[in-house]
Amino acid sequence: MTSPQAKMVVDQEHKIGEIDPRIYGSFIEHLGRAIYGGIYEPDHPRADDKGFRTDVIQLVRELNVPIIRYPGGNFVSGYNWEDGVGPRSRRPRRLDLAWRTVETNQVGANEFAEWVRQVDSEMMMAVNLGTRGIDAARNLVEYCNHPGGSYWSDLRKDHGYPEPHRIKTWCLGNEMDGSWQIGHKTAEEYGRLAAEAAKTMKWVDPAIELVVCGSSNSGMPTFPQWEATTLEHTYDEVDYISLHQYYGNRTDDTPSYLANSLDMDRFIRTVIATCDFVKAKKRSKKRLHLSFDEWNVWYHSNEADQKIEPWTIAPPLLEDVYNFEDALLVGTMLITLLKHADRVKIACLAQLVNVIAPIMTENGGRAWRQTIYYPYLHVSRYGRGIALNPAITSPKYDCAEYTDVPYLESAAVYNEEQEELTIFAVNRHLEESLLLECDVRGFENYRVIEYLVLKHQDLKAVNTAQEERVKPQRCEEAVLEDGRLKVPLPKASWNVIRLGKCPS
Ligand code: AHR
């Protein structure tokens with residue numbers, strides 16, 4: 001029996017657009033052990049003089065994360081940012097109503113800004129538009145970004161930070177359409193508040209860029225009217241609209257689960273259409289971009305979270321242990337972001353450490369890479385440059401949730417500077433390898449630099465502190481001859497094929 005075959009044509013001239021590196025961003029919320037026990041643990045043997053875990057810093061650096069959203073998430077909608085600045089001994093302990101925990105405020109905006117610098121990233125700051133509003137938001141911009149000579153900027157200096165943090169990207173609240181959100185609002189209420197907050201924040205610092213809240217997920221009953229209404233109010237003031245989406249394999253139906261990136265694709269297309277509708281209605285010349293600032297798999301920890309004692313400090317919340325099939329879905333989601341590189345300019349894998357995260361830690365102990373770490377690492381490392389628009393022909397399947405699902409999900413990225421073409425591909429077929437034949441004729445004198453594969457016999461295999469069962473392997477099976485690349489993509493696999501110009 002011969003393997004099913006898929007074809008691709010990759011042409012340098014057929015471009016989607018320049019990839020904004022910020023699509024490889026992530027997110028750290030004051031939630032569970034993300035901050036305390038994750039990035040910050042002063043008593044840990046590998047903590048630096050500021051209390052940050054250097055083993056975690058090393059893993060985050062390896063990922064090359066360009067932007068990190070902070071401090072929430074649901075947490076931000078009840079947060080007083082002033083609690084987290086100034087002398088640590090005077091910072092209050094507060095009830096965090098979003099996650100029913102106690103927040104010690106030992107880490108706040110200044111410490112996080114320092115940590116972000118250590119991991120060579122930049123901060124994306126969210127303001128509280130749940131319990132608070134314009135005043136707290138504009139003060140925070142002044143505290144973080146104003147050079148000095150005003151009340152809040154001088155307070156930052158008094159707190160030991162003479163230089164402004166110069167935070168460029170700001171989120172106008174979080175998931176304000178959701179009833180679970182503290183200070184949940186209607187689209188009209190939120191739209192007006194966001195527009196006024198945006199205007200005022202930009203008066204403090206005209207260099208900032210703003211993200212307005214879109215829907216919490218595409219299944220919200222108010223989607224996409226929420227986007228249309230909030231944008232009617234905010235279109236002229238903001239630069240991006242947010243999208244959030246998580247998937248889970250709750251019915252253990254892997255063919256449907258792996259097809260969820262089709263839903264993500266539809267979600268992105270609908271938000272683009274809504275932005276462009278408002279643009280047309282307003283006769284605007286401005287093009288709004290998308291910030292997919294929460295995306296991932298989230299379901300493994302749901303049951304365990306129900307049993308967690310409320311009002312404790314840094315409990316192990318949302319600690320999903322990811323398996324191999326989760327890494328495949330994450331791969332297809334990354335490819336989906338690349339397919340929309342012209343409109344999606346920011347995206348944040350939610351989250352980064354311990355909480356639905358690629359990196360896990362033990363309190364006082366080890367740090368390790370979950371399965372989903374690897375597709376994220378590969379795309380962040382090799383997916384820089386121009387997203388090309390390959391013509392793809394793939395056999396398809398039907399499943400309970402979707403029809404016409406291509407077995408092959410793929411994207412091609414051309415890095416002009418390095419003269420490298422990288423093909424990312426997922427074979428969704430659970431029983432058979434897929435013979436990929438890719439026409440790369442325009443790339444003359446290219447050779448295969450490296451072919452990396454993430455595969456495992458057991459779709460449910462996981463990585464632990466003790467054992468890394470799921471990790472990429474180098475393979476030799478990719479052959480490039482006469483402008484044709486042939487690769488037998490193993491069943492259920494994530495593939496990275498790197499081509500580079502032969503040295504002259
Ligand atoms: O990332 C976990 C939570 O998911 C965030 O706090 C919230 O914004 C979303 O619902």
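Asn105 is buried, with a relative accessible area of 1%. The model is predicted. In this model, Asn105 has a positive phi of about 65 degrees although it is not a glycine. Asn105 sits in the loop between strand S6 (101-103) and helix H2 (109-118). Asp404 also has a positive phi, near 55 degrees, and is likewise a residue other than glycine. The setting of Asp404 is the loop between strand S17 (396-397) and strand S18 (405-406). Asp404 counts as partly exposed, at 48% relative accessibility. Most residues other than glycine have a negative phi, and most peptide bonds are trans.

Cis peptide bonds also occur in the backbone. The bond from Tyr70 to Pro71 is cis, with omega near 0 degrees. Pro71 is placed in the loop between strand S4 (67-70) and strand S5 (94-96). The bond from Gly72 to Gly73 is cis as well, with omega near 15 degrees. Gly73 lies in the loop between S4 and S5.

Aromatic contacts were examined next. The count comes to 18 aromatic pairs. One of them joins Phe424 and Trp494, whose ring centres are 5.9 Å apart. The planes of Phe424 and Trp494 meet at 15 degrees, so the pair is stacked. Phe424 belongs to strand S20 (residues 420-427) and Trp494 to strand S26 (residues 493-501), so the pair ties together parts that are 70 residues apart in sequence. Phe424 is buried, at 0% relative accessibility. Trp494 is buried too, with a relative accessible area of 0%. Phe443 and Tyr446 form an edge-to-face pair, 5.3 Å centre to centre with 75 degrees between the planes. Both Phe443 and Tyr446 are buried. Elsewhere, ring pairs link Trp81, Tyr143, Tyr151 and Trp152 into a cluster.

Charged groups also sit over aromatic rings. Arg69 lies over the face of Phe27, at 4.6 Å from the ring centre. The charged end of Lys286 is placed over the ring of Tyr235, 5.8 Å from its centre.

The whole structure holds 37 salt bridges. Arg22 pairs with Glu209, and their closest N and O atoms are 3.6 Å apart. Arg22 lies in the loop between strand S2 (15-18) and strand S3 (25-27), and Glu209 lies in strand S9 (residues 209-212), so this bridge ties together parts that are 187 residues apart in sequence. Arg22 is buried, with a relative accessible area of 12%. Glu209 counts as buried at 18% relative accessibility, because buried means under 20%. Arg22 and Glu209 are linked with Asp20 and Lys168 in a network of salt bridges.

Asp276 forms a salt bridge with Arg343, with the closest N and O atoms 3.0 Å apart. Asp276 is part of helix H8 (residues 260-281), whereas Arg343 lies in the loop between helix H10 (324-339) and strand S12 (344-350), so the pair ties together parts that are 67 residues apart in sequence. Asp276 counts as partly exposed, at 29% relative accessibility. Arg343 is buried, with a relative accessible area of 3%.

The side chains of Glu450 and Arg498 meet in a salt bridge of 2.6 Å, N to O. Glu450 lies in strand S22 (residues 446-455) and Arg498 in strand S26, so the pair ties together parts that are 48 residues apart in sequence. Glu450 and Arg498 are buried.

Technical notes: Residues numbered from 1 in each chain as written. Predicted model: local features only at pLDDT ≥ 70, side-chain atom pairs only at ≥ 80, totals over all residues. Heavy atoms only, no water. Helix = DSSP H or I, 4+ residues; strand = E, 2+ residues; numbered from the N terminus. Buried < 20%, exposed > 50% of the residue type's maximum accessible area, 1.4 Å probe, protein only. Phe/Tyr/Trp six-rings, centres within 6.5 Å; stacked < 30°, edge-to-face > 60°. Lys NZ or Arg CZ within 6 Å of the ring centre and 35° of its normal. Salt bridge = Lys/Arg side-chain N within 4 Å of Asp/Glu carboxyl O.
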